[in-house]
Amino acid sequence: QVQLVESGGGLVQAGGSLRLSCANSGSINAMGWYRQAPGKQRELVAAINSFRSTRYLDSVKGRFTISIDSAKNTVYLQMNSLKPEDTAVYYCTAASTLVTVIRGMGSWGQGTQVTVSS
């Protein structure tokens, strides 16, 4: 059973930056971040696999960067130029393939709150 431990959420002003981290207990080929705002569906923010193939939500392209440290089994999400609409609970996910991550069928972390004030 994969265990995912997230960190790095918090409160930041619009235009600021945050970096989320997610460490997993095993060796995983693909990881990603989803987010869910109140009253909205969970959506894929970014995903990456061990080959460094990536997928991004259109609204975060150019602002967010996902990276993976395979030696540490850790994925990062660097979030710059944050906007109030980025406010959500961010969930880490991991799976054996990038497609599985994109389909939302991997293992999940507990979530970390990101709040962007205007």
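Author: In this predicted model, β4 and strand β9 (residues 88–95) pair in the antiparallel sense over seven bridges. R35 of this pairing stands opposite Y90 in β9.

Reader: With which other strand does β4 pair, and over how many bridges?

Author: β4 and strand β5 (residues 43–49) pair in the antiparallel sense, over six bridges. A30 stands opposite N49 in β5. The hairpin of β4 and β5 has six residues between the strands, and G39 takes a positive phi near 75 degrees there.

Reader: Is β4 mostly covered or mostly open?

Author: Mostly covered: of the seven residues in β4, six are buried. As a general idea, side chains in a regular strand alternate between the two faces of the sheet.

Reader: What does the pair tie together?

Author: Y34 lies in strand β4 (residues 30–36) and W108 in strand β10 (residues 107–108), so the pair ties together parts that are 74 residues apart in sequence.

Reader: Over which ring does the charged end of R42 sit?

Author: The charged end of R42 sits over the ring of Y91, 3.8 Å from its centre. R42 also lies over the face of W108, at 4.6 Å from the ring centre.

Reader: What is the strand order in the open sheet of four strands?

Author: The order is β1-β3-β8-β7, and the pairing is antiparallel. β1 (4–7) and β7 (64–69) stand at the edges with a single partner strand each, so one side of each is left without a neighbour in the sheet. Neighbouring strands of this sheet are turned by 15 degrees against each other on average, direction ignored.

Reader: How many bridges join β7 and β8, and what is the bridge partner of I66?

Author: β7 and strand β8 (residues 74–79) pair over six bridges in the antiparallel sense. The bridge partner of I66 is L77 in β8.

Terms used:
Residues numbered from 1 in each chain as written. Predicted model: local features only at pLDDT ≥ 70, side-chain atom pairs only at ≥ 80, totals over all residues. Heavy atoms only, no water. Pairing = 2+ DSSP bridges. Helix = DSSP H or I, 4+ residues; strand = E, 2+ residues; numbered from the N terminus. Axes fitted to C-alpha atoms, helices over the stretch in contact; angles between N-to-C directions. Lys NZ or Arg CZ within 6 Å of the ring centre and 35° of its normal. Buried < 20%, exposed > 50% of the residue type's maximum accessible area, 1.4 Å probe, protein only.
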